[in-house]
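Thanks for coming, everyone. Please bring up the structure and have a look before I start.

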Amino acid sequence: MNNQYLDIFLEESKEHIQNLNSNLLELESNPGQDIIDEIFRSAHTLKGMSGTMGFNRISEITHEMESLLQDIKDGTISVSPEVIDTLLESVDFLEKLIGDITENGEERDRDTKVILEKLRRKPGNATPLKESEKENKKPEENHIFNEFEERLMKEAIAKGLLVWEVLIKLDANCLLKSARAFLVFKTLESFGDIIKTRPIVQDIEDEKFDDEFTVYIISTHQKQDLEKALGSISELKSILIKEVEQSSLEKDPGNSEKSPKETVACALDEQSVRHASHVKKTSKTLRVDIDRLDNLMNLVSELIIIKTRLDGMDEKTEGQKRREAVEYLERITSSLHDAVMKVRMVPIENVFNRFPRVVRDLARELSKNITLIIEGAETELDRTVIDEIGDPLIHLIRNSADHGIEIPEERFRKGKPAQGTIKLKAYHDGNNVVIEISDDGRGINLNNVLKTAIDKGLVDRERAKNLKESEIISFLFEPGFSTKDMVTDISGRGVGLDVVKTKIESLGGGIEINTVPDQGTTFLIRLPLTLAIIQALMVMVGEEKYAIPLSAIKETVIVASKDIKKVQKNEVTLLRGNVIPILRLGEMLDVESNGSSEEDLTVVIVKKGERDIGLVVDSLIGQQEIVIKSLGNFLKNIKFIAGATILGDGKVALILDVNTMF
């Protein structure tokens, strides 16, 4: 089959995998018929989708999952930990297969025997069913097409393509029915994409059908073209071809199962996907509320109107009218920016939904009793950030489960409840999103951290005596840093928080740690709402303009040269009782400064967690909204530089990465 619809399959498959994970966890803690039906529906739809796309391993596993779920629905098997474990293990295997398809465009040759055997074994208190009983208990088909097939056909019809239902009846004396069906498939594939067969392809190949079968195909060709080609195949008793129309799909009872929230999948252009077995198939689709797109369209219409208005102006036009037109244009572009930002925004629950399963598995592996509380899952964040933040959060959750939460016996001794709690919380804070991962565990032993830092030569014993708590905690972010009791199979292993910190800072964010002995630890991550457009302070250093992200700036001050002192060869100044390290941007960036020798220095105070430093610049230009541009692969590792922006006069200004200056 042509992989024209691969992106749609991948997008929807991942949704069903997430639904299976979350609903199976719900079934484990709160068994009920409704949740079983929901799990069954996801497995059934995934089976139909994979069968349509020709992914037989996924289809076979979901078929056996259906059989097991049907036994649960019928009361033949009760919901037990063994049943849930088997179903979750099956979902993990499905996720690997879908990952293979994402990478290579096709399933890998993974051995499915073990997982299929587990599903067929009917774990728990199963009573083996007779073959006749299995036949009677097959799930009833309420309608011809599943959701995925309906969507494919509706999109095809919307693009002006034709959907044909081809009913083939074989001669009664046809000996090799599957071979004859294969010829039919090969012939139809030359005219378009086969999206469904009845019965399924596997049954047709195994000759598990009578004398007829039906094929559904999306094509640009007319009915007579198909009839002529199929007419040349022998041993076909009859060929009946009719068109599947939009109206028949809208009346299909399957539509009642769909979510009432109207969404639209963007970037699903017919030519956007090409089959290439070694090209990564990462989906770039984004589901957007239709109201947001309507708003975007209205603003574009306004933009066209003002363009026409400006085109009609000439040199004789009054200055007042010109100013009004420019102000109107500014308002529209500002609104357009906000609208595009909202289109790119995705609820952070898309990431958070993965974590109940992670915590459940960790609790079982560590023999701990852990509950996960999620707050603020509706908080929206730029899709680019969402895609990157998942792995760091998983590492921090593993860290909390492994190092933070104590075993039940230890918690009892401390007067705590046996069940530990990990809390995942997200909320907006100005132009940032804050994510907190907190636990009510043992906290971080700062003495152990300091001892390890001294042993590793990160700090000498004399200086260690005067370190603040925040400075001791900062050692945890050093590459390869871990205390002996931290290294386990779950987390640690010498690779840890330094990787998390690097990833978060690459997204323009920062991470802090707050800890209280025997009360718990909180990791606080601060991320920009978007990576595309930011507010920045423009500064001059020599003849060059630089941009400093406003989110990193605490204040700007004028410092007299005489107030700058040297401590251990480093420049510092005293600002309201706090010692602030001073860095001269001209020296750091190897730019000849014009103002470094003046009596009064312009200093921009930037912050990173609880630490501040002062950046000496020649002058301040002002606040400006800038569009971030990448420097490309060849220049991506330049120290102190996060990217570039193009200014109104067409010149390029570099954006400073203040995180790397600490």
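**A helix and a sheet**

Let's begin with helix α12: the cover over its buried residues includes α13 (319-344). Contact here means heavy atoms within 4.5 Å. Helices (H or I, at least four residues) and strands (E, at least two) are DSSP runs, numbered from the N terminus.

A word on the source. This is a predicted model, where local features need pLDDT of at least 70, side-chain atom pairs count only at pLDDT 80 or more, and totals for chains, interfaces and linings use all residues. Residues are numbered from 1 along each chain as its sequence is written, and side-chain values use heavy atoms, with hydrogens and water left out.

Which residues of α12 are buried? L296, L299 and I306 are. Buried means under 20% relative accessible area, exposed over 50%, partly exposed in between (1.4 Å probe, protein chains only). Down the axis of α12, the buried residues fall within an arc of 80 degrees, so they line one face of the helix. That arc is taken from the directions from the helix axis to the C-beta atoms. The face turned away from the buried side carries exposed M297, I304, T308 and D311.

Now the sheet. It is open, with 5 strands in the order β8-β10-β11-β13-β12 and mixed pairing. β8 (370-375) and β12 (510-516) stand at the edges with a single partner strand each, so one side of each lacks a neighbour in the sheet. Two strands pair if DSSP finds at least two bridges between them. β11 (residues 432-439) and β13 (residues 520-528) pair in the antiparallel sense, over 8 bridges. V434 stands opposite R526 in β13.
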